[in-house]
Amino acid sequence: QGIFVLGLPYALLYSGYSGLFLIILAAALCCYTGKILIACLYEENEDGQLIRVRDTYEDIANACCKKLSPKLGGIVVNVTQVMELIMTCILYLVVSGNLLSHSFPYVPMTEKTWSVIAFVTLLPCLFIKTLKIVSKLSRLCSLVHFIIILVVMTYCLTQIHQWSWAKFRLSIEFEDFLVSVGVIIFSYTSQIFLPTLEGNMKNRGEFTCMLNWTHFFACVLKTAFALTAFLTWGEETKEVITDNLPSFLQTLVNLCLLTKALLSYPLPFFSATEIVYACISRANHSNYRCPLFALGVRGSFLLLTLLMAMFLPHFALLMGLTGSVTGAAMTFLLPSLFHLKLKWKKLSFLEKCADISVFILGFLCSLAGIVCSIKGLLEVFG
């Protein structure tokens, strides 16, 4: 349940009834690609038992591309993952600066200065060494997120007398619809973290059950939240729904969102640094394996996210362009492609059709997102 959830009512504004269907469809597709991605980690032994022979997304990619080049697939996947994770970290810093400036408008400080202050609070990330610490922070993040959802939905329920189904659009414009598709699909993406998450579970046999229930509840919550918020504000629905709230609630929710953004930062940061450190430490140089070097990698990443948040112009559009490429690739294109490559002989006809359909859908979403983002950048630069 990421910050993208707050844009779902706005997505409904432009997608109408089809948006409700998309929220359900996206949950089903992302749940499916999560399962087939994890299936690629396993192979059957001589006794027909499934054995985990791969550990990461990179291992799956290398297994698929070993005839072409033993490490090519891993390099492509790692670069894609790190790009998306870094962009996510930068987005959290930019959002933090924006939220602080809106929460304290009377303080004469720019958004970039607020981003630096937010960055200082993230310095303890230098010392995060295990996923267990990240999971505790993520648990707090989830708690804060539910508080935000509860506040917004409670306010919307007090306005139930104003609700009208007539607010839904019957006719939609194609470009606006594509924006909605992007917001809805990318509010579910989690494939980057799944191999690590499944590998760290005490009982890996429960992974499929966990994935089914989390996507089911995410779908229910997203639908309920988007629907109540949109029925409350209709055509006046803003890009981030908290901007529609009365001022006394807006400050409270903005501070909660700030807390959520800061608590969300460690997960993509930890994942990105682990990928880079793992790649470098495979070399035979013992210096690369020392704790000081690991600290240097994490410190470099922290500084990089700050510098890019401070000096990258039109970050939102660049984020959209990167997300269209990396997000669709990691969520739809690569899981379906890898599953077809590694399991082709064992897949039924329907499973092959499902994988090919997901691949085509991911390609179309990616292409549409790239076109819209480039168009936006061209308009900005004249």
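This is a predicted model: local features need pLDDT of at least 70, side-chain atom pairs count only at pLDDT 80 or more; totals for chains, interfaces and linings use all residues.
Residues are numbered from 1 along each chain as its sequence is written, and side-chain values use heavy atoms, with hydrogens and water left out. Local features need pLDDT of at least 70, side-chain atom pairs count only at pLDDT 80 or more, and totals for chains, interfaces and linings use all residues.

**Exercise 1.** Classify the aromatic pair of Tyr265 and Phe269.

Solution. Rings of Phe, Tyr and Trp (its six-membered ring) pair if their centres lie within 6.5 Å; planes under 30 degrees apart count as stacked, over 60 as edge-to-face and the rest as tilted. The structure holds 12 aromatic pairs. In the pair of Tyr265 and Phe269, the centres are 5.6 Å apart and the planes make an angle of 25°, which gives a stacked pair. Buried means under 20% relative accessible area. Tyr265, at 0%, is buried, and Phe269, at 2%, is buried as well.

**Exercise 2.** State which ring lies under Lys222 and which under Lys352.

Solution. A charge sits over a ring if NZ of Lys or CZ of Arg is within 6 Å of the ring centre and within 35 degrees of the ring normal. Lys222 lies over the face of Tyr188, 4.5 Å from the ring centre. The charged end of Lys352 sits over the ring of Trp344, at 4.1 Å from its centre.

**Exercise 3.** Determine how many disulfides the structure has.

Solution. A disulfide is a pair of cysteine sulfur atoms within 2.5 Å. The count is 0 disulfides. For Cys125, the nearest cysteine sulfur belongs to Cys89, 8.3 Å away; Cys125 is buried at 5% relative accessible area.

Conventions
Buried means under 20% relative accessible area, exposed over 50%, partly exposed in between (1.4 Å probe, protein chains only).
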